[in-house]
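Subject: Predicted two-chain model, with notes

Hello,

The model you asked about is below. My notes on it follow.

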Amino acid sequence: MNAYSHLRFLRNGFLACLCLCFSSSLMAEGSLAELLDAFRTGGMQDKEAGLDKSLLSKINVNNRIRTLLKKGIALQQLNVADDKTRLAAVETLGKLSDPATVKVLTDRLLVETNQGVLEAIRRLVLIDQLQNGNKDERIKAIDTLKEFNSQEVVNQLQAMTEKEGESFKENDTDIRNLASAALTEIKGRIQAYAAVETVFFGLSLGAVLVLSAIGLAITFGVMGIINMAHGELMMLGAYTVYVLQQLMPEYLGLATVLSIPVAFLVAGLTGIAIERGIIRHLYGRPLETLLATFGVSLFLQQTVRSIFSPLNRSVSSPSWMSGSWQINDFLALTWNRFYILIFSLLVFAALVQILKRTKLGLEVRAVSQNRAMARAMGIPSGQVDALTFGLGSGIAGIAGVALSQITNVGPNLGQSYIVDSFMVVVFGGVGNLYGTLLAGFSLGIANKFLEPYAGAVLAKILVLIFIILFIQKRPRGLFPQKGRAVES
Amino acid sequence: MKVFSATFRKLALSTAVMSLAFASTSVRAEDTIKVGVLHSLSGTMAISETTLKDTMLMLIDEQNKKGGLLGKKLEPVVVDPASNWPLFAEKARELLTKDKVSAIFGCWTSVSRKSVLPVIEELNGLLFYPVQYEGEESSKNVFYTGAAPNQQAIPAVDYLMNDLKVKRWVLAGTDYVYPRTTNKILEAYLKSKGVDSKDIMINYTPFGHSDWQSIVADVKKFGSAGKKTAVVSTINGDANVPFYKELGNQGIKAEDIPVVAFSVGEEELSGMDTKPLVGHLAAWNYFMSVDSTKNAAFINQWKEYIKNPKRVTNDPMEAHYIGFNMWVKAVEKAGTTDPDAVQKAIIGVEYPNLSGGTSKMLPNHHISKPVLIGEIQADGQFVTVWQTNKLVDGDAWSDFLPDSKPIVADWTAPISCGNYNTKTKKCSGQKY
């Protein structure tokens with residue numbers, strides 16, 4: 001345990017001079033036991049002698065040391081009481097695939113009690129036997145391992161079926177045939193997982209598109225305002241996360257969650273101010289609205305530049321949003337994308353409910369369908385306009401919170417999403433929220449299925465061309481609004 | 001008569017005043033040497049270029065404190081080309097014809113440099129270009145103080161190949177001239193070292209690309225084939241943040257698949273969450289963390305000038321530092337700011353760089369620099385893990401592309417040419 005704690009200490013970045021002398025001389029020999037021993041004594045000397053701090057210089061940890069330490073820590077952790085730590089240690093050792101560790105693991109089999117850890121170790125031993133066992137062992141190993149989704153197994157089997165020059169690397173024909181059959185079986189599974197992965201990627205790209213477009217679906221779709229400052233409202237939302245994280249650096253997760261309502265308010269109020277101050281005077285004049293809101297977008301960008309500097313700001317992801325959900329070696333879903341997907345669906349559902357179930361929603365629909373009639377019925381259309389625009393802007397702010405978790409937070413954030421947002425709304429059908437949802441997801445998935453074949457640049461172009469052609473055929477998008485109000 | 005004389009007197013007076021005014025402006029114009037600063041202060045490139053503008057103002061300020069140049073004060077003329085490439089050419093013309101600057105320090109992207117090139121050659125100006133670039137160019141009027149490919153990309157690949165034993169390569173870049181040319185050179189270089197083409201994966205993405213899921217997943221698959229894999233990244237600007245985030249989220253650690261970047265420096269890192277980046281690499285000719293007294297002084301001076309103790313220094317700033325001081329030395333040597341005289345005088349001029357060596361202006365208008373490879377640390381700084389033991393001379397024309405192999409740039413007599421073909425013994429006549 002002593003060495004283990006020292007190693008942790010070292011890994012955190014403070015290697016004493018003494019340790020480096022030992023490690024550098026030992027790394028050449030590569031003996032792990034000696035290395036660990038050296039660390040232990042080195043660490044103790046350091047503590048006991050009470051060295052003058054100024055004699056020590058900070059030695060920086062680089063990748064080579066990091067890998068060695070990782071291995072050392074994992075080997076030590078094999079003896080830790082906690083089952084999960086032991087399992088993680090076995091997995092780490094498996095990835096490093098060092099023949100020397102197999103011996104240690106085999107010894108561990110005798111004393112290990114936890115079923116999960118036992119299985120993991122057995123698998124590693126089997127992988128080793130693929131190459132080094134006798135014929136029976138190897139056949140058994142292939143038979144057992146083909147059920148597992150492990151990249152290491154694939155690599156080993158691949159190596160066994162490959163040719164080296166004229167002859168095969170693997171001399172034994174039986175084993176070679178078995179290996180190649182097992183490989184085909186695993187590869188079939190890999191393809192299935194790859195398809196699942198691509199769909200997930202597409203959905204998550206779609207979720208980002210839906211989030212950024214859904215506010216626009218309200219302001220542009222329902223109200224008919226071409227709001228070029230929509231992207232900048234998202235930017236305000238993203239900066240809200242930054243500010244809140246600066247205010248409470250101890251609670252990153254809380255700050256991120258809190259910034260959802262705060263960003264809604266900030267962007268929503270800004271939206272209302274824009275509507276009351278500018279857009280209200282320009283209803284019925286789309287070209288002027290476009291120019292005026294473009295001006296607003298430049299104004300907001302420059303304001304942010306002056307306040308926060310033109311440099312990007314760093315927004316951290318809370319720990320529960322980092323990393324991925326590793327289902328197996330071939331399928332892993334990243335948490336941040338996963339949460340954003342769920343989040344976008346929630347926002348969408350909430351918005352649909354607001355429009356369907358609340359008084360505001362009723363008024364919004366009434367005003368957007370027939371303004372004159374709605375006014376005649378006593379609906380204060382000016383107030384409704386302001387609130388609707390505020391709602392659309394507020395949702396843009398929420399989208400900004402999500403974007404801050406996956407991309408840069410800087411003055412140009414909005415610009416990179418505004419075109420995509422308009423594209424989604426137009427493709428989905430102006431004035432239809434479900435159209436926006438479907439358009440966002442289908443564009444996302446189409447993009448991700450095209451990307452491996454066409455490359456990122458071409459995939460984007462192909463999607464754009466498709467939309468242009470589609471709009472030629474169906475100018476009102478996927479789900480056109482029907483009714484007399486629209487026809488006029 | 002009285003009226004006449006009064007009018008006359010007025011006229012005479014005003015003429016005198018006017019002539020005095022003219023005289024004084026002409027005196028003032030001769031009193032100062034104008035230096036043009038051509039960096040975008042707005043638009044997408046403002047992120048990087050504003051810092052270089054401030055660096056130039058600081059350097060000029062310091063030179064003036066030392067007593068100026070040739071007994072005259074230096075006067076900076078700052079213009080804003082607004083990240084708009086044609087505007088770069090217009091502003092360069094304005095600087096040379098209207099303001100009559102003696103030298104221009106500016107440009108960041110290769111496309112902005114290419115846009116300024118014809119103007120600067122037509123008007124015979126001087127441009128000091130401070131950013132690492134793709135090479136394949138040497139103009140009589142441009143001095144390249146950033147790294148050529150052999151001063152950044154090739155040594156980085158060598159390090160990965162020899163020290164980290166990398167066998168499979170992902171060349172990922174943003175889709176424009178610098179990454180494409182660099183990757184072409186790297187691909188040729190890797191193949192010359194016996195790397196099979198199935199072990200090289202090349203990928204381009206648009207500017208500001210933010211959805212890296214499938215590309216990172218591909219890299220992961222490519223890298224899990226049992227051979228040590230590395231990513232050589234020429235991804236530029238904003239796209240880097242989501243790229244590294246995705247790497248971190250998909251669990252690709254620097255120990256498994258290291259990424260070596262050519263466009264990520266201290267300044268870019270200051271706007272990123274560096275946690276997922278720790279251990280990834282970058283190749284530059286200067287790191288803020290370099291331990292030298294000159295560097296410490298430079299950092300202090302910068303923090304004081306910009307009045308912000310948190311600001312960082314980076315490689316292009318050092319390039320301007322070297323370039324500006326070389327120009328000062330050359331002007332002193334020539335005794336004039338005349339471009340032709342300075343062009344002659346500056347070749348061979350030496351000036352200590354901030355990493356501890358002495359850089360030299362070479363006949364091909366590139367400079368010699370050390371190459372450093374650093375690992376990103378959690379505090380947004382680099383730790384040097386490898387460096388060349390002597391300075392590397394910048395090579396304008398790559399030796400690894402068949403077309404440019406026989407070509408050399410030498411602006412001294414008798415060749416005096418930016419693209420002299422050593423096989424045909426001819427200068428192609430093309431100016432760059």
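**Confidence**

Chain B has a mean pLDDT of 87, and 92% of its residues reach 70 or more; pLDDT is the predictor's confidence in each residue, from 0 to 100. This is a predicted model, in which local features need pLDDT of at least 70 and side-chain atom pairs count only at pLDDT 80 or more, while totals for chains, interfaces and linings use all residues; side-chain values use heavy atoms, with hydrogens and water left out. Residues are numbered from 1 along each chain as its sequence is written, and chains are lettered from A and ligands numbered from 1 in the order in which they are written.

Within chain B, confidence is lowest in helix α1 (residues 2-31), at a mean of 49, and highest in strand β4 (residues 127-129), at 97. Helices (H or I, at least four residues) and strands (E, at least two) are DSSP runs, numbered from the N terminus. Over residues 15-29 of chain B the pLDDT is below 50, and this stretch has zero contacts in the model beyond near neighbours in sequence. A contact means heavy atoms within 4.5 Å.

For chain A the mean pLDDT is 80, and 85% of its residues reach 70 or more. Confidence in chain A is lowest in helix α2 (residues 17-29), at a mean of 39, and highest in helix α11 (residues 230-247), at 94. Two stretches of chain A stay under 50: residues 1-7, with 17 contacts beyond four places in sequence, and residues 40-48, with 15 such contacts. Where pLDDT is low, the predicted coordinates should not be read in detail.

**Interface between the chains**

The contact takes 45 residues from chain B and 44 residues from chain A. About 3600 Å² is buried between them, and carbon and sulfur atoms give 44% of that area. Buried area is the accessible area (1.4 Å probe) that two parts lose on being put together, summed over both. Gln213(B), Asn249(B) and Glu255(B) supply 18% of the area that chain B buries against chain A, more than any other three residues.

Across the interface there are 14 residue pairs in polar contact, both residues at pLDDT 80 or more. A polar contact is a pair of N or O atoms within 3.5 Å; within protein, one must be able to donate a hydrogen and the other to accept it, and residues adjacent in sequence count only if both atoms are side-chain atoms. On the chain B side, β7 (200-205), α7 (213-223), α8 (240-249) and β15 (382-387) each supply at least two residues. Helix α7(B) gives the most, with six residues. By class, the side of chain B that touches chain A has 16 nonpolar, 15 polar and 14 charged residues. Here Ala, Val, Leu, Ile, Met, Phe, Trp, Tyr, Cys and Pro count as nonpolar, Asp, Glu, Lys and Arg as charged, and the others, Gly among them, as polar.

**Salt bridges**

The structure holds 25 salt bridges over all chains, and the count between chain B and chain A is five. The rule is a side-chain nitrogen of Lys or Arg within 4 Å of a carboxyl oxygen of Asp or Glu. In one salt bridge, the side chains of Lys221(B) and Glu197(A) meet at 3.4 Å, N to O. Lys221(B) lies in helix α7 of chain B and Glu197(A) in helix α10 (residues 173-222) of chain A, so the pair joins two chains.

**A sheet and its turn in chain B**

Chain B has an open sheet of three strands in the order β17-β18-β19, with antiparallel pairing. Both β17 (407-410) and β19 (426-427) stand at the edges with a single partner strand each, so one side of each is left without a neighbour in the sheet. Two strands pair if DSSP finds at least two bridges between them; three bridges join β17(B) to β18(B) (residues 417-421). Val408(B) has Tyr420(B) in β18(B) as its bridge partner.

β17(B) and β18(B) form a hairpin with six residues between them, and Ser416(B) in the turn has a positive phi of about 45 degrees. Pro414(B) is in the loop between these strands, and the peptide bond from Ala413(B) to Pro414(B) is cis, with omega near 5 degrees.

Regards
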